[in-house]
Every structure is written in C-alpha cells, then in structure tokens.
Amino acid sequence: MLADIASNLSLGLSVAASPEGFLFLVIGAFLGMIVGLFPGFGPAAGIAVLIPMTFGLQPTIAIIMLAGIYYGSMYGGTITSILINTPGESATVASTIDGYPLAQKGRAGPALVMQAIASFFGGTVGVVLITALAPSLANFAASFGPSEYFLIIAVGLLMLTTMMGDNKFKGFISALIGFAIGTVGVDVMSGQQRFTFGSPELIGGVYFVAVAIGLFGIGELLHCVYNGQHRQPTKRLRISFRDKEFWPSKEDYYESRWTFWRGSGIGFLAGVLPGSGATLGSIIGYSVEKKVAKDPEKFGKGEMRGLVAPEAANNAASAGAMVPLLSLGIPGSGATAVLLGAFLMWGLQPGPLLIVNDPEFVWGLIASMYLGNMILIAMSIFAIPLFVKFLDVPYVNVVPVIVLLCIIGAFAINASIIETWILVVSGLIGFAMKRYGYSPAATVLALVLGSMAEETFLQSYIISQGTMNLFWERPVSLVLFIVLLAIVVLPIVLALLVRSKSAREGLSNKV
C-alpha cells in the first residue's frame, strides 16, 4: 500500500516538478493570490476568467495552473480580511472576526504569518489525506457503470441545490437555467438539433467557458460597480517582514498547537461533503474552536486561535473538495464546478475511472498541491509587502482590464463572435442573479452536469432495455438510489414532524 502511494507520488512529482509544470504552478499560485486580494471576485470568477490563458498547454499542466489559482486565492483572500476587514471571498469571512481586530491591535504582521502557516498546515493535511484515500477510490472505481454515474450526478445536483444559499427555490431556479442552456445542441438519441436556431456554431452546444466567465467574471464586476465599490478610496498600507513586530510570538504558536489539527480535520470533512466546501468548513472550524476554548470571551477581540481555525479549515476544505471532484465528478463549490468544466474541456472525465485511466494526471495534480502549498507559504510570508501594493491600484482601473480579459478569453475559445455574445448575455444574467439572490454556481453546475446526466441516464435506459431496473439491481446503484431518496424525502418528513410537534405544543398551551 505505502509502496504504491510512494510510486504514484513519484509519478506525480515527475509531472508537477518538471520545468513546465513548476513554472505554471508558480504562475497559478501567484495569480491566485492576486485574485484573492480583490474583494468580491473570488476563485470561481478568477478561474473562469483565466481559463483562456491555459489554451495551448497540455491538459495536466493547464489543470495544475488552474488548481494553483484555486487554492492560491484561499491564501490571498485572507490578506484583505486581516488588513482592511474586507474578505476577498466567502471562505475567508470567518477570518475577519479575529483577523481584523488583531491588525487593529498592531499585530497585523503576526496575524498574516500565522494565517500563512495555518493555510499551509491545513492544505498539507488535506493533500496527505487525499493521497491516502486515492488508492481505495481507484479500487472502488471498477464497480461503476452508467447507472451509478447518473445517480451520483443526481445526488450531487440535489445536494448542491439544497445547500446553495438560504433560498432553496432560487437555487432550484438557478439550476434549471443551467439545464435549459445545456439542452442546446444535438439530441443524443435522435440526432436532431435542439434550440440551435439554424446556427452551425451552436450544434456542439453552448460552451461552458463563455457562460462561466460571463456569470462569474462580468456578473461580479457589474455587481461591484452597482454597489459603488469602484468609488471607494484606495487604502494605502505598508508592511515589511524585516520589522521585529512582523513575526508571531512563542505564545501564538503554543496556544494554537491543537487548533491547527482541529481546523484541518473539520475543514477536510466539510470539503469532502459535496455542496459544503470551504465557506462552511471555515465557519464550523471557527465555531468549534470557540466552543472548546476555556476562554471563549477572547474570541472576536483579536484572538490568534480565532484566525488559525478558519484558515486551517478553509485550506483543508479546498483540498478535500478535490476528493468528490476527482473520484465522483461532483464539485463541492462554485470554484470546483468551474474546474470540472475545465476537466471536460480538455477531454478529462472526472469520476471513479479517472484515477484508473489517467493516473499521471491525478497524481500530477496531487503532487502539485504539495509543491503549491510550499510555494504559497513562501509567497505568503516574504511577498506580503508586494501583494499589499496591489491594493493601491484603484478598483476603477481594475474593472476595464478584467472586462477586456473576459472578452478576449471568450472570443479566443473558438474565434467565434457568438461566444462573445453569450459572454455578454451571461454577464447580464450573472449580475441579475447576484442582485436578486440567485446562484450563478448552481447554473454552471447544472450546465456542466446536465448533459452528463442526460447521457448516462439514456445509456442506462438502453442497457436495461427500456426499463429502470438497472438503477436498483446493482448493489452500488441500489445504495445510491436509497441515498437519493433519503435526500429528497427526509427534509419533507422532518418538516412535517416539526410542524406536527409545534401544533401539539400550541394545542397543549391553549389547554
């Protein structure tokens, strides 16, 4: 077992540590940190906008770069949380609770260093656990067929739509929009064109990249402009790692010694569960740390453990989210949904057989995460003063540059003006979704997974000769079918029980 892991890691390192792999890993990590610095932009938008930069690269190298952007943004997002009380994205919201008070106390340097160490620790624990789980997942892969794939996709879609946002109805509507876009193209069974309106460029369907860039990139920018973020004054900050006050004290390390482990464990579990992701992991990590502390009254006032816990958790979760993505093809967040689309774009089919059929890619990606965490901790500590200078650039100057990148990226996919128009329309839809509380991530997920669900369902239907027996005759299918039913039925049963209990209590109070 250990020999197999060592052999696979050696294979992965030969890819990730190659000159080309290492170069684009560094570029991805660097860009990810910059993406994380811009409030409201987030890793999903960053990956979507920067996907065109990877055209022309080998698939493995391209995914290594995009993954670097993904977990690099987790590191970068905390810098603004600590320095200006503005989280770069939702997974670093919990870090503002104690991070910003630490900066106000004059401890911005120690807070930035400890968040970098916690991020490194959480990310490394997450990658080690992925490494340990990967061989088991590969063995499990052999039992999967079209019916299991369809049920997994259905479970993932159900869990994501029920977990995205407070308003489940809006999450469901968002997913339906994605399904509707996914129907454009050619019908798998009949070969007839669907909703192409006679355009030969739409026969292959709507390309997910233009939609994702529009929904996340243009939509986010329009929403930021709508909120007046471009008018806010630039905050100039100066930090130097040469200052003695820049480094944490011995007490900081000693008091946080168990926090690193707790945050990492909680974050990894949250990342593995489809639909939860880094945001939920960081919030649970912070809450648990405060619960188990003997002095919870210190939290929220600049407590180092209150920063370490969510940072270890969100980075472990970003690694954990790779488990359902690589093994089952189920993304755990908007960012991994965009990554899933990128996988498909390069002809890589995420799922149980990916580890078996393409070990060089899977282990190359895992090995790159080890290297990426080492690169990012060095960047996080020694390049913090450089990254802080990016905050000096006025947002009003950043917006046109990103819009230009989005348009060039969408056009460059197929040199098609239709793709550019799809980008523009998707941007307007993305802005409306942000404005009225709908979920662009659910739309992208449904677009990416919808066609896969249709294809695997029809394959299962044909194999079972026009019946649905295949979904409960095979052992793994039966288990997944029961899980699917439980996800649908349990919330209804629980809601009825709660309503019945409330009615009984109301009746007894009247008596």
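In which helix does Lys 170 have its place? In this predicted model, Lys 170 lies in helix H8, which spans residues 168-182. Because its relative accessible area is 23%, Lys 170 is classed as partly exposed, the cut-off for a buried residue being under 20%. When neighbours within four places in sequence are left aside, Lys 170 is in contact with Tyr 436, Gly 437 and Tyr 438.

Helix H5 (residues 93-104) and helix H13 (residues 304-320) have axes that come within 8 Å and cross at roughly 140°, and the crossing of H5 and H13 is left-handed. On the H5 side, the contact is made by Ala 94, Ser 95, Asp 98, Gly 99 and Leu 102, which meet Met 304, Gly 306, Leu 307, Pro 310, Glu 311 and Asn 314 in H13. The residues of this contact comprise 5 nonpolar, 4 polar and 2 charged.

In soluble globular proteins, nonpolar side chains tend to be buried together. In the present model, the largest nonpolar core contains 131 residues, and those with the most contacts inside it are Ile 47, Ile 51, Ile 63, Leu 66, Phe 208, Met 322 and Phe 361. Helix H4 (residues 59-84) supplies the largest share of this core, namely 15 residues. For Leu 66, the residues touched, not counting those up to four places away in sequence, are Ile 47, Ile 51, Thr 54, Leu 339, Ala 342 and Trp 346.

Terms used
Residues numbered from 1 in each chain as written. Predicted model: local features only at pLDDT ≥ 70, side-chain atom pairs only at ≥ 80, totals over all residues. Heavy atoms only, no water. Axes fitted to C-alpha atoms, helices over the stretch in contact; angles between N-to-C directions. Helix = DSSP H or I, 4+ residues; strand = E, 2+ residues; numbered from the N terminus. Left-handed = near helix turned anticlockwise from the far one by under 90°. Contact = heavy atoms within 4.5 Å. Nonpolar A, V, L, I, M, F, W, Y, C, P; charged D, E, K, R; others polar. Core = buried A, V, L, I, M, F, W, Y, C linked by side-chain atoms within 4.5 Å. Buried < 20%, exposed > 50% of the residue type's maximum accessible area, 1.4 Å probe, protein only.
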